[in-house]
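This report goes through selected helices, side chains and loop residues of the model shown below. Please keep the sequence and the structure in view while reading.

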Number of protein chains: 2
Amino acid sequence: MSVVVVGSVAYDGVETPHGRVDRMLGGACTYISLASSYFAKTKIVAVVGDDFAKEDEQFLADRGIDLEGLEHVPGKTFFWAGVYSADMNDRTTLRTDLNVFADFHPKLPANYLQTPYLILGNIQPSLQRNVREQMNGLRLAGGDTMNYWINDYRAELLETIRQWDFLLINDAEARLLSGENNLKRAAAKIFQMGPQTLVIKRGEYGAILFRPDGHFIVPGYLLEEVFDPTGAGDCFAGGFIGYLAEKGFDLKTGHINAKEISRAVIYGSVMGSFCCEKFGVDRFRTLTRAEIDARFNEFRAFTEF
Amino acid sequence: MSVVVVGSVAYDGVETPHGRVDRMLGGACTYISLASSYFAKTKIVAVVGDDFAKEDEQFLADRGIDLEGLEHVPGKTFFWAGVYSADMNDRTTLRTDLNVFADFHPKLPANYLQTPYLILGNIQPSLQRNVREQMNGLRLAGGDTMNYWINDYRAELLETIRQWDFLLINDAEARLLSGENNLKRAAAKIFQMGPQTLVIKRGEYGAILFRPDGHFIVPGYLLEEVFDPTGAGDCFAGGFIGYLAEKGFDLKTGHINAKEISRAVIYGSVMGSFCCEKFGVDRFRTLTRAEIDARFNEFRAFTEF
């Protein structure tokens, strides 16, 4: 079954201890949809400027991504630049030029409206809500957010996530949103806000899946080299939703094994780990589904006891 | 089979966001042996002053711990005091009075010498080596160390751990010892130093077991309240060695399933998690083996997929 992904398509400038790239394809929607495309038909909703390169569009199309919802407007594509710390656990934003993204109002093509899976990248909550409300027959909807919206648009954000089945955020965001330092208690508070599936991303330490009936924890994959962590969290999201769409998972009827949600978290972790192996989206130029499944099996091998 | 534990028996003053205790039983040897005592006959080698309380000695004896190697000398028992940060991931030492521990020279009672399992708490490497060399017929020996010895006693430490089967340290120590930031590469370097079993403790994020033939990762147990993390790493060590001793594991002949070492890491994690539930050693006043095994099964439930 297919997935709609909404968010930013951007150009990024990134510096890590392994090197520097001044301008490369990036953005949450790009990473989510690339990861999701290995599992399910993926349709994007995003905006780019007239500087958006034909070869970048072709790269997404070659992965089978439906670009009907990729709007082209005059002006420049969203540009972000940042530099990572030596251990790559912190990053400093050097530049954020919203450009055409400043006026982004997601427009859903008619043939997207019946898509059963929806994932909303980190954009203004009211825009996320507007998309969610246009969709019919959703089996599963959710997304990401960030500290800026949690702090300064709290009411709007709460109104938005109330309709979500799942929320994918990092540990600092979970603490900020819930006001609880302890993650178990943070999860209990977030369940009261709407989403009954909460995935907390912990970077190199893995992820925790919280559901009202229990939790599942996966450690992070040990890479020998992390070249560039940009987009890893979004690739996690893409692997997560993509796998659930591939399985046809339906939260409302819950007709498949609950362990499948844990497996979706593993596939998310797998996609996030591959993302870090090269700069930007480069790993996805060669990555195969066989490599993905092999790494899924590695996760089983190093966590089983 | 039985275990010899060498290290500090101390009094601690601890302040955490949950409260403050000015003086309570502590020390690496105390925590390791309490945890180990649930699995195997445990014999300690340590020194205390004439202020060491009868009830504290009785508490250890009640757990079946052999105290023949607990030396009593005139003077005061080692005292340490520290305060934890709000999230309890950092702590500041307020006071370290070595007292009788300054002249600690571990003396092994004759009937300890044939014990098959040895774990050396964090003390001066030359003392650790001296103990190791007195023992006959060891099946498994190893221990802990810290940044002070890694930095200022490096040659002595390397000479010591060359004879160890396992090394149990935290991630910062592994990086310092190996000079590698990446943990996989750190492990490869440490294998060359001697120990072929390396357990890296990551606090709330769990632990990684490295062996030349692969690795195993366990996430940390999610507690709703961490009252006092003091001793958690030592309890991990005690659960680890205790379980291997219970199973009669022999690294040289390797006669039991390699998965048993992973299970020892789980039992270590279980004991570390219980330790945090009350101040100091208090959780061990009521803890039962049935509770330990139940939590082991919880680890399986929240990591299986």
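B:Thr230 sits in the loop that runs between strand 13 (214-218) and helix 8 (232-247) of chain B. Helices (H or I, at least four residues) and strands (E, at least two) are DSSP runs, numbered from the N terminus. The model is predicted: local features need pLDDT of at least 70 and side-chain atom pairs count only at pLDDT 80 or more, while totals for chains, interfaces and linings use all residues. Residues are numbered from 1 along each chain as its sequence is written, chains are lettered from A and ligands numbered from 1 in the order in which they are written, and side-chain values use heavy atoms, with hydrogens and water left out.

With a relative accessibility of 4%, B:Thr230 counts as buried (under 20% relative accessible area; exposed is over 50% and partly exposed in between, with a 1.4 Å probe and protein chains only). Not counting residues up to four places away in sequence, B:Thr230 touches B:Asp12, B:Val14, B:Tyr31, B:Trp80, B:Tyr84, B:Arg91 and B:Cys275 (contact means heavy atoms within 4.5 Å).

## Helix 5

In chain A, helix 5 (residues 154-161) has A:Leu157, A:Thr160 and A:Ile161 as its buried residues. These cover an arc of only 85° around the axis, which puts them on the same side of helix 5 of chain A; the arc is that of the directions from the helix axis to the C-beta atoms. An α-helix has 3.6 residues a turn, so residues three or four places apart point the same way. The buried residues of helix 5 of chain A pack against helix 3 (125-134), helix 4 (147-152), strand 10 (166-170) and helix 6 (171-178) of chain A.

In chain B, B:Leu158 is part of helix 5 (residues 154-161) and is partly exposed at 28% relative accessibility. B:Leu158 touches B:Leu177 and B:Met193, leaving out residues up to four places away in sequence. B:Leu158 and B:Met193 are 35 residues apart in sequence, with C-alpha atoms 6.8 Å apart in space.

Helix 7 (residues 183-191) of chain A has A:Leu183, A:Ala186, A:Ala187, A:Ile190 and A:Phe191 buried. They cover an arc of only 135° around the axis, which puts them on the same side of helix 7 of chain A. Strand 10, helix 6, strand 11 (197-201) and strand 12 (207-211) of chain A pack against these buried residues. At the start of helix 7 of chain A, a side-chain oxygen of A:Asn182 comes within 3.0 Å of the backbone nitrogen of A:Lys184.

Helix 6 and helix 7 of chain A pack at an angle of about 55°, their axes 9 Å apart. Axes are lines fitted to C-alpha atoms, for helices over the stretch in contact, and angles run from 0 to 180 degrees between N-to-C directions. The two helices of chain A are therefore oblique to each other (under 35 degrees is roughly parallel, over 145 roughly antiparallel, 65 to 115 roughly perpendicular and the rest oblique). Their crossing is left-handed, meaning that the near helix is turned anticlockwise from the far one by less than a right angle, whereas clockwise is right-handed. A:Asp171, A:Ala174, A:Arg175, A:Leu177 and A:Ser178 of helix 6 meet A:Leu183, A:Ala186, A:Lys189 and A:Ile190 of helix 7.

## A buried arginine in chain A

A:Arg295 belongs to helix 10 (residues 289-303) of chain A and is buried, with a relative accessible area of 8%. Its side chain is joined to that of A:Ser273 by a polar contact of 2.9 Å. Apart from neighbours within four places in sequence, A:Arg295 is in contact with A:Tyr221, A:Leu223, A:Val270, A:Ser273, A:Phe274 and A:Glu277.

## Positive phi at Met88

A:Met88, in the loop between strand 6 (79-84) and strand 7 (91-97) of chain A, has a positive phi near 65°. A:Met88 is buried at 13% relative accessible area. B:Met88 has a positive phi of about 65° and is buried at 15%.

Notes: Polar contact = N/O pair within 3.5 Å; in protein donor to acceptor, adjacent residues only side chain to side chain.
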